[in-house]
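Biologist: I would like to learn how to read a ligand site and an overall fold. Could you walk me through them?

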Amino acid sequence: MSIPQENTSPLLRLAIQKSGRIAEETMDLLRKSGLDIPKNGRSLRARAKNFPLEILFLRTKDIPEVVQNGLADIGVVGQNVLEESQFPSVTEVFSLGFGECHLALAAPKNGNIQKTQDLQQRKIATSHPVLLQKFLDRKGLSAEIISMNGSVEIAPSLKLADAICDLVSTGNTLLANQLEEIETIFSSEVVLISMDERDQEKEEIFSDFLLRIQSVLNARKMKSVVMNAPKKSIEKIKNILPGLESPTVMPLEEKDWVAIHSVVREDEEFWENISQLKKAGACGILISPIDRIIF
Ligand code: AMP
């Protein structure tokens, strides 16, 4: 009988949130990057079918530590979690462009805490004691920090604390608990993290992984724009849509007409530019999403 040999080829390990606000968007980003990750129900590990990647599904707070001790090579967390964890050699690789929120001080509406200075010698409940303490030190304030793991917003109504310091995304939770924001102490979004010095054996897999993720991030908010236009309008159109480098101009069967293709960011000026194109003589303008861009 032969003993199955363990596969010794290097495998990149990625730690991500098991469930919660950023779990779904992270999986969505990985899948859009072309990674075929099986749905394993309640399993806390999954191996990509088409890439040397294993995913570990963990509690958010544990992710920086797992990257620090080498059980995972990379991780996905909010910057607030990274800063709170205090592992100096675990650092941000790049932002993943979602999960924007801010850590804010808040107090009961119309109460006697209206501004940051009113927090002197008060009790503040938070699940971010490190970030809060740093903020208080910067402001020269002294307050008692009550550490909680969740449901921080309940603390003032239970008289457990006078104020809170918690993550705010839409602001609905503060509103529902009759709390009012006083000051933002930290702005956060979701980032990819790794050790400063990574395992050299896995560096090639790591850069292939980054290429895939980055290609999806590059394509977000970009649109492919194709149109027909009279030849005499080419220069005008080029000025309206400068494109990634320069637009592609192709001759059409109809004399004096061309097809123009460009890749354009969908920013505040996008629709104004599309009207300008029409005014410049363009017609049959096709606007399509782009899955990935590799620069
Ligand atoms: P919201 O009502 O959308 O402002 O969300 C506030 C609640 O969601 C608070 O209980 C926060 O602790 C939590 N929360 C908001 N944003 C995040 C985030 N990015 N990561 C984890 N928890 C969050």
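Predicted model: local features only at pLDDT ≥ 70, side-chain atom pairs only at ≥ 80, totals over all residues.

Biologist: What does the secondary structure of the protein come to?

Modeller: It comes to eight helices and 15 strands. For the overall spread, compare the radius of gyration with the globule rule. Here the radius is 25 Å, well over the 19 Å that the rule gives for 295 residues, so the protein is more spread out than a compact globule. Its C-alpha atoms fill a box of roughly 80 × 75 × 35 Å along the principal axes.

Biologist: Where does the ligand sit?

Modeller: In the largest pocket. Two elements each give two or more residues to the shell around the ligand: strand S9 (163-168) and helix H5 (172-176). S9 supplies the largest share, three residues.

Biologist: How many nonpolar, polar and charged residues does the shell have?

Modeller: Three are nonpolar, five polar and three charged. Among the residues around the ligand are Arg 21, Cys 101, Leu 167 and Ser 169.

Biologist: Which polar side-chain atoms lie by an oxygen atom of the ligand?

Modeller: Polar contacts are read from pairs of N or O atoms within 3.5 Å. A polar side-chain atom of Glu 153 is 2.9 Å from a ligand oxygen, and one of Asp 166 is 3.1 Å from a ligand oxygen. Asn 172 takes part through its backbone, with an N or O atom 3.4 Å from an oxygen atom of the ligand.

Biologist: How much of the ligand's accessible area does the protein cover?

Modeller: The protein covers 77% of the 480 Å² that the ligand has on its own.

Terms used
Residues numbered from 1 in each chain as written. Heavy atoms only, no water. Near = heavy atom within 4 Å. Polar contact = N/O pair within 3.5 Å; in protein donor to acceptor, adjacent residues only side chain to side chain. Areas by Shrake-Rupley, 256 points an atom, 1.4 Å probe, with all protein chains shown as cover. 1 Å grid on protein atoms, 1.4 Å probe; cavity = no way out; pocket = protein on both sides within 12 Å on 5 of 7 lines; lining within 4 Å. Sits in = over half its atoms within 2 Å of the grid points. Helix = DSSP H or I, 4+ residues; strand = E, 2+ residues; numbered from the N terminus. Nonpolar A, V, L, I, M, F, W, Y, C, P; charged D, E, K, R; others polar. Rg over C-alpha atoms; globule rule 2.2 N^0.38 Å.
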